[in-house]
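Subject: Structure for your review

Dear colleague,

Please find below the structure that I am handing over to you. My findings follow it.

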Amino acid sequence: MEFSGVSGMLIMSLSYEEFSSQAREFQEIAESLDDGWRLKGASDGKHYLYKTQYYTPPQVLNPCNADCSREQSVGATDSQVRESHEDGQQTFVWEYNIVYSVSYEVPALYFNVFKLGCAAPLSLDEVWDFCRLFGAPFGMNAEDLWSTVTQQEHPSTGVPNFALHPCNTQRMMQHLLNSLHFEKKNYLITWLSSVGPIVGIRMANAYCPAL
Amino acid sequence: MSVPESTEAPMEPFRYTPFSSQIDLHFWHKLSDKKLHELKLCEDPVEFHAEYEVNLNIKDAVACVSYDSFDVSAGNSRVYRLAGKLLNKNSIETFKNCDKKNLLETSMNEIIANIKSGAALEDPNLLNRILLLSYADMKKYFFYYWCAFPSAMLNDTQHQLGSVIPVSDRLSDQNRERLAKNVGNLPFALINKTTFERCPVSKMKDDISGTHYIVFADPSSSETNAGWPLRNFLLMTAYHMPNETSDFEVIALRGTPRTFFEKSKIFSVRLLKVTFEEPGWIYVGYERNEKGQYGPRLANLSHCFDPLVLAQNAVDLNLKLMKWRLAPDLKLKQISEMKCLLLGAGTLGCNVARCLLGWGVKQITFLDNGKVSLSNPARQSLFKFADTHNGGRPKAEAAAAALKDIHPGLNVQYTDLKIPMPGHAVSANDVEPVREAVEKLEKLIEEHDAVFLLLDTREARWLPTMLGARHDKMVLNAALGFDSFLAMRHGTLKNKLGCYFCNDIVGPMNSTKDRTLDQQCTVTRPGVSFMAASFLTELFATLVQHEHGNDALPDNAFNDDADELDRNERDSPNNVLGLAPHQIRMFLSRLHFMTPNTQRFSMCTACSPSVLSEYGNSGFEFLLRAFNEPDFLEELTGLKEMQRMVDDMDVLALGDSDNDLSP
Ligand SMILES: [Zn+2]
């Protein structure tokens, strides 16, 4: 963690070692809370946090854009099966990744959203509708956070993801530092509890008693 | 053993929530990679696995296939694993034609063999399998796939008893804690109903129906059904149990170990003993697709994997950000769907094209008749040294190719065409080619929404100006001086603004004979073309976004004389992108801007009613006269008459062709 003045602004960065150790602690808390975050090691040896979350909105917000084709029927009718989504409710799958941004020396949030059963992720417009929904109760200015969204390849898996671009992270952390009781050992948690809600990440208070 | 007499309604079959496969991008990405580098044309089955969890709080029983699904060693205590086989086919035909029934039967027969041999008693993980049949069309990034979770069914051998009850109705918190502790992270267990001790699964060979719970990790959260993994476990139970009929209580573990699976349910099931030799067994387990049919799914991942689509998305995303952040009322589609015709592929043409690309414009047509010369690449931003070889590549073609290189998703066309001009006489031999050129140009103008005049002579602008007015197109025009530029939009009948020629009291003549600065863009300060191109493109975007579009009136409050801007007007929703001036004139040496408006001129040689109706009546014959007869247009419009009247007044108007009057 560096606090150095550049053009009159404090710079708040996080080294990979700090990220890695905080990610490990984070994962331990998550495990104790059954919060689903997993620490994964990519082929490049770098760690990242990963979580899949399922969300069934009150009504179907978005249609799935994947094409389907049909073929001949297989097997006879199974009288012992009852499909779960016969009530028309659609479940969405959110995949979150917290990766380390080497160029910005901060954590970065990557994500994709799928309709359950569809491999093709939702478009940004569709995701955007969700995020307005998520952000509203927190009084969050979704536009502000979303102004940094880009589509980028996941640095470890190479799969295209939406990403909250880390260019603003240091500045945001600086604001938080000024306004909150904030300790550097809680960098990752503080950051995630700030940007997470907009994409539907809820953080239990137990992650950080100090907050 | 007696089958209980059913005096009441017939017994309900015991029902299961099937697995829903959730195969994510990472997996397809990995599979593509594997196919290219490892599998190649091999169709042998590949080992992989899916995972399921018990606290997802959704009704679906999700089987995830993901990034590390090929990684046999990866593991996590919170998830349960389904081992499986991937059968990736090389063609859509082999995918379609392979015997799917046989695949399912073969896999289920292995499971039955493991049940019979007792192997599955020792390792219940052998009971559940995932089959994934796939075909990857790597050109289109289409992935066809079909999952199966093999099981088997014999009618009237599994019945639901009574209703499903919450675990808390039966077990105290303390007992639930003991249960959770003794089950650990096993997918299946037999738990003593009083001691909550776990006994080996093989103990089901004894009659344990009254003494033990069957416990399983349930990926479903359905109120009425048990999750799919239980199905084959109950088949094994029905095979090994000593009695012809037994009733079991099954605890479906749901929730989290931390809270001792607080959401668990207890199901009651009556099983009839089976041998798998009975007639009437059917094999089940193929997943339905999104339409609810038994059929494969197609994952179209072109927008994730196809570099062309990704590039397009990236352009669009940039623009969307602008919309979200700064201009929520921005209608990006209106801009990106504009078909733009760029007349001239020189410095202005190249730079306007680059700017349009930034706005997400997808259809651009270049028109030029020049060739790329050695002096061009330095200033004309789409050309390279190589384009100058062999006498030079045609500019329109080279510019189109360069644009396509930058953004392959564009629809870029080009036409090598010389625009006929007044004062450039057409010889008898040239009449037909010129007629063709006119027809081609008029057709292009008709086909496009916006016409950009980026030509280096004044008279070359005459015909497209006239045709643009005739077809009521959006016409944008840029002209360069040595250290000045003009960027303007041509007026319409509604807004009564002028065109490029409306200011003139002389008709367009052959200016190349005696060039003046304002018409010659090769002798300009290098930055001027970039500035003019960007002002013109932004004017275009502003106009497209304007409530009144091409008919928008300019805001008179905004000119260099008025230092007070009407802020309300500026911020009004009519003008998403702000002001849409008629003309922007800049003088670089003084860093001076002007945004003058000029009226449509009734004697204009390009847009006046007399010219337009004459073209309408006489067509090409009229044009020929305009090309060939020096004063024809001026006589037609009455300009000549006016000139005679004011001759003595020594008019110092725009004077850019006064020399042309002398021979
Ligand atoms: Zn005019």
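A polar contact is a pair of N or O atoms within 3.5 Å; within protein, one atom must be able to donate a hydrogen and the other to accept it, and residues adjacent in sequence count only if both atoms are side-chain atoms. By this rule, 10 residue pairs, both members at pLDDT 80 or more, are in polar contact across the interface of chain B and chain A. Please note that the model is a predicted one.

On the side of chain B that touches chain A, the element that gives the most is helix H8 of chain B (residues 307-325), with 7 residues. By class, this side of chain B holds 34 nonpolar, 21 polar and 18 charged residues.

The interface also contains salt bridges, and the count between chain B and chain A is 2. In one of them, the side chain of A:Arg38 meets that of B:Glu51, with an N to O distance of 3.3 Å.

As to the extent of the interface, 57 residues of chain A and 73 residues of chain B take part in the contact. The size of an interface is often given as the accessible area lost when the parts come together. Between chain B and chain A, the buried area is about 5900 Å², and carbon and sulfur atoms give 51% of this area.

Over all chains, a search of the whole structure finds 35 aromatic pairs. In chain B, the ring centres of B:Tyr16 and B:Trp228 are 6.4 Å apart and the ring planes stand at 75 degrees, so this pair is edge-to-face. B:Tyr16 belongs to strand S1 (residues 16-17) of chain B, whereas B:Trp228 lies in the loop between strand S12 (226-227) and helix H6 (229-240) of chain B; the pair therefore ties together parts that are 212 residues apart in sequence. B:Tyr16 is buried, at a relative accessible area of 0%, and B:Trp228 is buried as well, at 3%.

In chain A, ring pairs link A:Phe26, A:Trp37, A:Trp94, A:Tyr96, A:Phe111, A:Phe162 and A:Tyr207 into a cluster.

Finally, some remarks on the fold of chain A. Chain A has 8 strands and 5 helices, and from the N terminus on its elements follow the order β-β-α-β-β-β-β-α-α-β-β-α-α. Of the 211 residues in chain A, 55% are buried. Among contacts in chain A between residues at least 6 apart in sequence, those that join residues at least 24 apart make up 61%.

Yours sincerely

How values were computed:
Residues are numbered from 1 along each chain as its sequence is written. Chains are lettered from A and ligands numbered from 1 in the order in which they are written. This is a predicted model: local features need pLDDT of at least 70, side-chain atom pairs count only at pLDDT 80 or more; totals for chains, interfaces and linings use all residues. Side-chain values use heavy atoms; hydrogens and water are left out. Contact means heavy atoms within 4.5 Å. Buried area is the accessible area (1.4 Å probe) that two parts lose on being put together, summed over both. A salt bridge is a side-chain nitrogen of Lys or Arg within 4 Å of a carboxyl oxygen of Asp or Glu. Helices (H or I, at least four residues) and strands (E, at least two) are DSSP runs, numbered from the N terminus. Ala, Val, Leu, Ile, Met, Phe, Trp, Tyr, Cys and Pro count as nonpolar, Asp, Glu, Lys and Arg as charged, and the others, Gly among them, as polar. Rings of Phe, Tyr and Trp (its six-membered ring) pair if their centres lie within 6.5 Å; planes under 30 degrees apart count as stacked, over 60 as edge-to-face and the rest as tilted. Buried means under 20% relative accessible area, exposed over 50%, partly exposed in between (1.4 Å probe, protein chains only).
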